[in-house]
Amino acid sequence: MTQTLHGIPMPEAERAADLLMSLFDAVGDGCHTLTVSVAGDARSLASIVPFHNQGDATTVDEEAALHLMALLALTSGRVGGAVVRTLYGDDKSRVLGWRLSDCTAVPLGRAEIFSAYCTDADSGEPIAPEPGVEYADAPPVCI
């Protein structure tokens, strides 16, 4: 009998947990929102989880983190993306992104995340960037 964690086989659960913690750690201190989307067979699945980093401590809703971990485990054999938006007190934010596949995250460069946020998904036409948003190179994540 295969051991599972919330219905996820243990090897995938462990890799997904490591990836989730690596994404949390990669963005440093502050108030963040992590959005993960994964292409499914019939539709895409997505989850949004706010979290806060201070030093070595990450504060996140445990149930939301488990749901996100299950979604990350689905990247085995599928593609997806992760985006972290960091909010600053002066109505400014920073956006970072990663391409997900097989429980790994490949950092997106500033131009790639800018293009993703500033292109209309339906028409492919450029749209104006959000005021006060810095689109930045994502750091590598280590799992």
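Trainee: The side chain of Arg85 makes a polar contact with the side chain of Ser93, at 3.1 Å. Why is this called a polar contact?

Mentor: The term covers a pair of N or O atoms within 3.5 Å; within protein, one must be able to donate a hydrogen and the other to accept it, and residues adjacent in sequence count only if both atoms are side-chain atoms. The Arg85 and Ser93 side chains are 3.1 Å apart, so the distance meets the 3.5 Å limit. Arg85 also makes a side-chain polar contact with Glu130, at 3.0 Å.

Trainee: What should I know about the model itself?

Mentor: This is a predicted model: local features need pLDDT of at least 70, side-chain atom pairs count only at pLDDT 80 or more, and totals for chains, interfaces and linings use all residues. Residues are numbered from 1 along each chain as its sequence is written, and side-chain values use heavy atoms, with hydrogens and water left out.

Trainee: Why is Trp98 called buried?

Mentor: Buried means under 20% relative accessible area, exposed over 50% and partly exposed in between (1.4 Å probe, protein chains only). Trp98 has 1% relative accessibility, so it counts as buried. A polar atom of the Trp98 side chain lies 2.8 Å from the backbone oxygen of Pro139.

Trainee: What makes a set of residues a nonpolar core?

Mentor: They must be buried Ala, Val, Leu, Ile, Met, Phe, Trp, Tyr and Cys residues, joined through side-chain atoms within 4.5 Å. The largest such core has 28 residues, and Leu20, Leu34, Val36 and Trp98 have the most contacts inside it. Apart from it lies another core, of 7 residues, including Val83 and Tyr135.

Trainee: And what makes a space a pocket?

Mentor: On a 1 Å grid over the protein atoms alone, a pocket is an open set of points with protein on both sides within 12 Å along at least five of seven lines, whereas a cavity is a set where a 1.4 Å probe fits but cannot get out; lining residues have an atom within 4 Å of a point. Points are joined across faces, edges and corners, and volume is the space filled by probe spheres set on them. The largest pocket here has a volume of about 210 Å³. It is lined by 14 residues, with Ser37, Gly81, Ala82, Val83 and Ala116 closest to its centre.

Trainee: Which strand gives the largest share of that lining?

Mentor: β6, with 5 residues; strands are DSSP runs of E, at least two residues long, and helices are runs of H or I, at least four, numbered from the N terminus.
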